[in-house]
Amino acid sequence: MFDAKQRTVTSTRATALLTKREWQLLAFFLTNPNQFFAAEDVAQPAWGPDASIEQFRTYVTRLRQKLLPFKGVCELVNEKGKGYRLVLQQPKDRAG
């Protein structure tokens, strides 16, 4: 579950608390799931004209670490030549 008010990502096993900037980055990707974007195309809409690519990469690293407990359902990935994307998948039903 994604909670914008609390800036958290929660599952039955873990909760990740995000900073304002981390949430802004995640929010951009949540509105465009499973689509690739260049760093410049994400940083500016998420943080405005003063955003730097180095800063973007730092926050991507931080966000990836916080999303590790949700790997397989929610993962921030990048592919050379394509860009960055948030991979969202429906959780697998473990009851069967």
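This section describes the sheet, the helices and selected residues of a predicted model. Residues are numbered from 1 along each chain as its sequence is written, and side-chain values use heavy atoms, with hydrogens and water left out. Because the model is predicted, local features need pLDDT of at least 70 and side-chain atom pairs count only at pLDDT 80 or more, whereas totals for chains, interfaces and linings use all residues.

Secondary structure elements are DSSP runs numbered from the N terminus, helices (H or I) having at least four residues and strands (E) at least two. Three strands form an open sheet in the order E1-E2-E3, and their pairing is antiparallel; two strands are taken to pair if DSSP finds at least two bridges between them. Strand E1 (2-3) and strand E3 (15-17) are the edge strands, each pairing on one side only. Strand E2 (residues 8-10) is joined to E3 by three bridges, and Val9 has Ala16 in E3 as its bridge partner.

Within E2, Thr8 counts as buried at 12% relative accessibility, where buried means under 20% relative accessible area, exposed over 50% and partly exposed in between (1.4 Å probe, protein chains only). Apart from neighbours within four places in sequence, Thr8 is in contact (heavy atoms within 4.5 Å) with Met1, Phe2, Asp3, Thr15, Ala16, Leu17 and Trp23. Leu17, placed in strand E3, is by contrast exposed, with a relative accessible area of 57%. With neighbours within four places in sequence again set aside, the contacts of Leu17 are Gln6, Arg7, Thr8, Glu22 and Lys66. Arg7 is found in the loop between E1 and E2 and is partly exposed, with a relative accessible area of 33%; although Arg7 is not a glycine, its phi is positive, at about 55°. A positive phi of about 60° is also found at Asn34, likewise not a glycine, which is placed in the loop between H1 and helix H2 (39-47) and is partly exposed at 36% relative accessibility. Most residues other than glycine have a negative phi.

Helix H1 has twelve residues and reaches 17 Å from its first C-alpha to its last, close to the 16 Å expected at 1.5 Å a residue, the expected span being 1.5 Å times one less than the number of residues. The buried residues in H1 include Glu22, Trp23, Leu25, Leu26, Phe28 and Phe29.

Helix H1 (residues 20-31) packs against helix H3 (residues 53-67) at an angle of about 85°, with the axes 10 Å apart; axes are lines fitted to C-alpha atoms, for helices over the stretch in contact, and angles run from 0 to 180 degrees between N-to-C directions. H1 and H3 are therefore roughly perpendicular to each other, given that angles of 65 to 115 degrees count as roughly perpendicular, under 35 as roughly parallel, over 145 as roughly antiparallel and the rest as oblique. On the H1 side, Arg21, Glu22, Leu25 and Leu26 meet Gln55, Phe56, Tyr59, Val60, Arg62, Leu63, Lys66 and Leu67 of H3. By class, this contact has seven nonpolar, one polar and four charged residues, with Ala, Val, Leu, Ile, Met, Phe, Trp, Tyr, Cys and Pro counted as nonpolar, Asp, Glu, Lys and Arg as charged, and the others, Gly among them, as polar.

H2 and H3 also pack at an angle of about 85°, with their axes 10 Å apart, which makes H2 roughly perpendicular to H3. Ala39, Glu40, Val42, Ala43 and Trp47 of H2 make this contact with Ile53, Gln55, Phe56 and Tyr59 of H3, and the residues divide into seven nonpolar, one polar and one charged.
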